[in-house]
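Here is a short walk through one model, taken a piece at a time. Keep the viewer open as you read.

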Amino acid sequence: MAANSFVRRVRAVVVLGLSGDTIAMAVGAAPASAGLGLACPSPTSTPFSAWSDYAQYAFAPDGGFEAGASGWSLSGGARAGDGNESFYVHSKLDDASLSLPAGASATSPPMCISLLSSKMRFVARGESGSRVKVQIIYRGLLSSVVGILDGGTFTVGEAWKPSPAIGMLGGVLPLLTSGVAFRFTAVGGDAAIDDVYLDPMKSS
């Protein structure tokens, strides 16, 4: 038990890189340029203002699944289909969302991130008792995984509702991070997600 605890502590230090030198290196590595194949949109909207969240968010690549989850990695039967979330957070013209059968996962394309990135949000619904698990995947220059943060597992209801604001690492990035992706997994029942956003500059 003690050995396992020690291994977990060492892994946390290596992955998160909390020393001053590591933080400085992370600053130099992020945000990455679009030339690395990452989506680097400017935050131009306050999509969650109806819920008293006035942060400026950037839309994730095909974050509304209008292009059939283009660029997303899907498994376990996850698929884009008809039926937009009921608030039309991104656009009143949207008409798609992502279906996640129980156990299915969907991972977004990577986005630029900086030390000032603070949170992400999305809209979800599901069967009674279903939940959506969120993981934040930090990637390096060659798209290798340099750290995975558990963003939490959230209960969803039969009606669409925005997720809580899911915190990032609060000013500390794993060593050599160049981009961030989000993995969503349905737990305990079928679920659906839509309109995925990142606050890349800690605007509020």
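Leaving aside neighbours within four places in sequence, which residues is L198 in contact with? They are Y57, A58, M111, C112, K119, M120, M168, V180 and F182, where contact means heavy atoms within 4.5 Å.

## Ground rules

This is a predicted model, so local features need pLDDT of at least 70 and side-chain atom pairs count only at pLDDT 80 or more, while totals for chains, interfaces and linings use all residues. Residues are numbered from 1 along each chain as its sequence is written, and side-chain values use heavy atoms, with hydrogens and water left out.

## Around L198

L198 lies in strand β12 (residues 191-199); strands here are DSSP runs of E, at least two residues, numbered from the N terminus. L198 counts as buried because its relative accessibility is 0%, buried being under 20% relative accessible area with a 1.4 Å probe, protein chains only. I113 is 85 residues apart from L198 along the chain, and their C-alpha atoms are separated by 9.0 Å.

## Around S130

S130 is found in the loop between β6 (119-126) and β7 (131-139). This residue is buried too, because S130 has 0% relative accessibility. Not counting residues up to four places away in sequence, S130 touches F154, T155, V156, V187, G188, G189 and D190.

## The open sheet

Five strands make an open sheet in the order β2-β5-β11-β7-β8, with antiparallel pairing; two strands pair if DSSP finds at least two bridges between them. At the edges sit β2 (73-75) and β8 (145-155), each pairing on one side only.

β2 pairs with β5 (residues 105-107) in the antiparallel sense over 3 bridges, and S73 stands opposite T107 in β5.

Notes: Helix = DSSP H or I, 4+ residues; strand = E, 2+ residues; numbered from the N terminus. Buried < 20%, exposed > 50% of the residue type's maximum accessible area, 1.4 Å probe, protein only.
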